Amino acid sequence: MEDNMRKAFDAIRAEDALKQTTLSHLKEKVFDPTPKSKKIFNTLKPRFYARMIVATSLVVLLLFVGSFSYNSYFTAYAYVDIDINPSIGLSLNQFDRVISVSAYNDEGQDIVSAVDLEHKTYEDATKLLVDQIHTAGYAQGDDALTVTVQSPDATKQTHIIEALQKDLSSCVEQHMVSNVSVFPVDSSTKMASHNLNVSPARYMAVQEANVVDPTINMEGCRNMSLTQIKQHHTNVINAQNTDDTLPIGPTESCQNMHNGSSHHHD
């Protein structure tokens, strides 16, 4: 009986030893890695960090590229201003797409309200504008279409001018206007006209007219066509040569001309 109890006790002690050995083994392998386990972990750790660095770098690069592309698309790189009497300005990005449209007078606002120009190429946009100007009754056969181009990139500026000259030549052929003039302006002229909220062509025409007739000013001639402003300039010179009396007062003289010969849709 006693021997049997001792054997049972010894058996129990043997199970405890096994449990203790097992626990010690697990502790060493899981909670206190052996040098071999540490070696494996240390080998994997640099790979993990390397992958994290690569992934983070890619995210940063994508964000940078996305931000750069967005800023590039919505940054004005060239300006195309169209004037006949509706006076309208287009801002282009470096991809030759329209990113903003400006109406310099009431007639211009009528036109830009009727057409969707943003994100179109400048060629498509100018064609749509001229068609709408003609449809609305602003462009008669004896009116001249003037387009100015300004860009810090001389090559791009020349390319736009040549493309527009070719595209808009059909306006004369279809008797929509009497002639089309496309030419460059410098940044100072563009800035000066921008500050007065007029097109560069209108700004230069009024400046030239003001030399021979100081009563002419920008506000008085804002809603006149360029043809009218230039014709007034010519009339003043002719009158001075023949000593004829000229009307005085910029608003009165310009408004009289505008009312007498302006074109407007019904």
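## A salt bridge to start with

Which residue forms a salt bridge with Glu-219? The partner is Arg-222, and the closest N and O atoms of the two are 2.5 Å apart. Keep in mind as you look around that this is a predicted model. Glu-219 is exposed, at 56% relative accessible area, whereas Arg-222 is buried, at 14%.

## Salt bridges across the chain

Searching the whole structure turns up four salt bridges. One of them joins Asp-81 and Lys-190, with 3.0 Å between the closest N and O atoms. This pair connects distant parts of the chain, since Asp-81 sits in strand 1 (residues 78-83) and Lys-190 in helix 6 (residues 187-195), 109 residues apart. Asp-81 is buried, at 2% relative accessibility, and Lys-190 is buried too, at 9%.

Another salt bridge brings together the side chains of Asp-96 and Lys-156, at 2.8 Å from N to O. Asp-96 belongs to the loop between strand 2 and strand 3 and Lys-156 to helix 5 (residues 154-173), so this pair ties together parts 60 residues apart in sequence. Asp-96 counts as buried at 19%, as does Lys-156 at 14%.

## An aromatic cluster

Now for the rings: the structure holds two aromatic pairs. Tyr-73 and Phe-74 have ring centres 4.9 Å apart and planes at 70°, so they meet edge-to-face. Tyr-73 also pairs with Phe-95, this time stacked, with 6.2 Å between centres and 25° between planes. Tyr-73 lies in helix 2 (residues 35-73) and Phe-95 in the loop between strand 2 (87-92) and strand 3 (98-103), so the contact ties together parts 22 residues apart in sequence.

Tyr-73, Phe-74 and Phe-95 make up one aromatic cluster. Tyr-73 is partly exposed at 23%, Phe-74 at 41% and Phe-95 at 46%.

Note on methods. Residues numbered from 1 in each chain as written. Predicted model: local features only at pLDDT ≥ 70, side-chain atom pairs only at ≥ 80, totals over all residues. Heavy atoms only, no water. Phe/Tyr/Trp six-rings, centres within 6.5 Å; stacked < 30°, edge-to-face > 60°. Buried < 20%, exposed > 50% of the residue type's maximum accessible area, 1.4 Å probe, protein only. Helix = DSSP H or I, 4+ residues; strand = E, 2+ residues; numbered from the N terminus.
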